[in-house]
Amino acid sequence: MPIGGAALDSTSGIPLPKETLSAAKQSDAVLLGAIGGNKWDSNEKHLKPETGLLQLREGLKVFANLRPATFFPQLVDASSLKKEVAEGVDVMVVRELTGGIYFGKPRGFRKNENYGEEIGFDTEVYAKYEIDRIARVAFETARKRRGKLCNVDKADVLEASMFWRKCVVEISSEYPDVELSHMYADNAAMQLVRYPKQFDTIVTNNIFGDVLSDVASEITGSIWMLPSASLGESRSHLAVQGPGLFEPRHGSAPDIAGQDKANPLGTLLCAAMLLKYGLGEENAAKRIKDAVLDTLNRGFRTDDIKSSGTKLVGCKEIGEEVLKSLET
Ligand code: IPM
Ligand code: MN
């Protein structure tokens with residue numbers, strides 16, 4: 001189903017056609033292709049491809065965005081960090097996805113007397129239920145990993161963050177087995193590149209999660225390798241129905257469009273996450289993941305992850321190599 005630029009260019013002319021949202025809602029899981037492109041960058045907000053994605057997240061109520069950043073030994077030379085810093089990193093960023101400043105009101109542009117000119121403004125706002133449910137997903141996630149949860153906020157400055165932290169601390173009493181710590185977002189950005197191995201699971205709001213998950217991705221060598229799962233309540237150990245949305249972490253890379261250069265492995269790993277978290281098909285998920293790793297082990301690389309001694313191939317060819325790995 002079309003979304004973003006594809007939808008804008010089709011007869012519907014809007015970034016999320018009704019038919020796309022209803023087909024997504026009726027599905028067991030949704031796999032998203034990257035959206036966006038220069039062509040639509042100067043569109044008004046309601047006609048931006050990004051708006052379509054935000055509407056889809058909101059429509060599917062997928063408030064919990066799991067963004068792993070796992071070091072790939074095969075890609076050690078692709079990371080901009082030193083080997084000893086990047087090696088062994090395994091961080092899961094749990095990003096709140098349907099609230100905060102991305103959706104908060106009031107927002108807009110208006111003339112303002114205090115400033116004597118037009119202003120642009122947004123609102124960072126979180127209700128207790130929104131914090132509680134993302135905190136529970138994060139504690140559950142940490143519990144299944146190494147049992148450490150770092151809450152990231154700006155409780156030194158922002159009221160919304162002070163409230164966020166208070167709610168996270170309250171929820172922590174339900175999870176005495178998980179070790180909770182707190183970090184300010186600016187420090188967390190620095191710590192992620194200084195000593196990323198200190199992190200297991202991170203929980204944070206929508207905007208800090210957007211930024212920090214991109215920072216974390218570079219530890220692993222390439223954002224093009226990384227998947228994400230956006231889950232609603234039924235897929236996150238709670239009780240409401242609805243499919244998960246599985247999105248690659250990268251954008252659409254318009255600069256290399258049509259050149260057969262893009263790395264499809266992140267999207268394939270999204271399909272693996274879809275199988276695992278969306279459909280409960282853990283074995284199938286593992287087969288895809290193993291096929292991707294086997295393809296890397298056999299030395300195939302796209303342009304973004306190439307290094308000396310590896311075989312540079314295009315998008316189509318690396319896909320074919322993954323298929324070969326899957327068949328063996
Ligand atoms: C992401 C993207 C999106 C976001 C954009 C495309 C709306 O940057 O998924 O990280 O800001 O959430
Ligand atoms: Mn982003």
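**Exercise 1. Describe how helix α9 packs against helix α10 and classify the contact.**

Solution. Helix α9 (residues 265–278) and helix α10 (residues 282–297) pack with their axes 7 Å apart and at an angle of about 165°, where axes are lines fitted to C-alpha atoms, for helices over the stretch in contact, and angles run from 0 to 180 degrees between N-to-C directions. That makes α9 roughly antiparallel to α10, since angles under 35 degrees count as roughly parallel, over 145 as roughly antiparallel, 65 to 115 as roughly perpendicular and the rest as oblique. Next, α9 passes α10 in a left-handed crossing; a crossing is left-handed if the near helix is turned anticlockwise from the far one by less than a right angle, and right-handed if clockwise. The residues that make the contact are L265, L268, L269, A271, A272, L275 and K276 on the α9 side and E282, A284, A285, I288, K289 and V292 on the α10 side, with contact meaning that the C-beta atoms of two residues, placed from the backbone, lie within 7 Å. By class, these residues of α9 and α10 divide into ten nonpolar, no polar and three charged; Ala, Val, Leu, Ile, Met, Phe, Trp, Tyr, Cys and Pro count as nonpolar, Asp, Glu, Lys and Arg as charged, and the others, Gly among them, as polar.

The model is a predicted one, in which local features need pLDDT of at least 70 and side-chain atom pairs count only at pLDDT 80 or more, while totals for chains, interfaces and linings use all residues. Residues are numbered from 1 along each chain as its sequence is written, and chains are lettered from A and ligands numbered from 1 in the order in which they are written. Helices (H or I, at least four residues) and strands (E, at least two) are DSSP runs, numbered from the N terminus.

**Exercise 2. Work out the orientation of α10 and helix α11.**

Solution. The axes of α10 and helix α11 (residues 315–327) come within 8 Å and cross at roughly 120°, and the two helices are therefore oblique to each other. The crossing of α10 past α11 is right-handed. On α10 the residues involved are R287, A291, V292, D294 and T295, which meet I318, E321, V322, S325 and L326 in α11; this contact of α10 with α11 holds five nonpolar, two polar and three charged residues.

**Exercise 3. Identify the residues around ligand 1.**

Solution. Ligand 1 is surrounded by G36, E50, L53, L54 and D210, a residue being near a molecule or strand if its C-beta atom, placed from the backbone, lies within 6 Å of it. Helix α3 (residues 49–60) gives the most to this shell, with three residues. By class, the shell around ligand 1 has two nonpolar, one polar and two charged residues.

**Exercise 4. Locate the backbone exceptions at P106 and K61.**

Solution. As a reference, most residues other than glycine have a negative phi, and most peptide bonds are trans. K105 and P106 are joined by a cis peptide bond with omega of about 5°, and P106 sits in the loop between β3 and β4 (108–112). K61 is not a glycine, yet its phi is positive at about 55°; K61 is found in the loop between α3 and β2.
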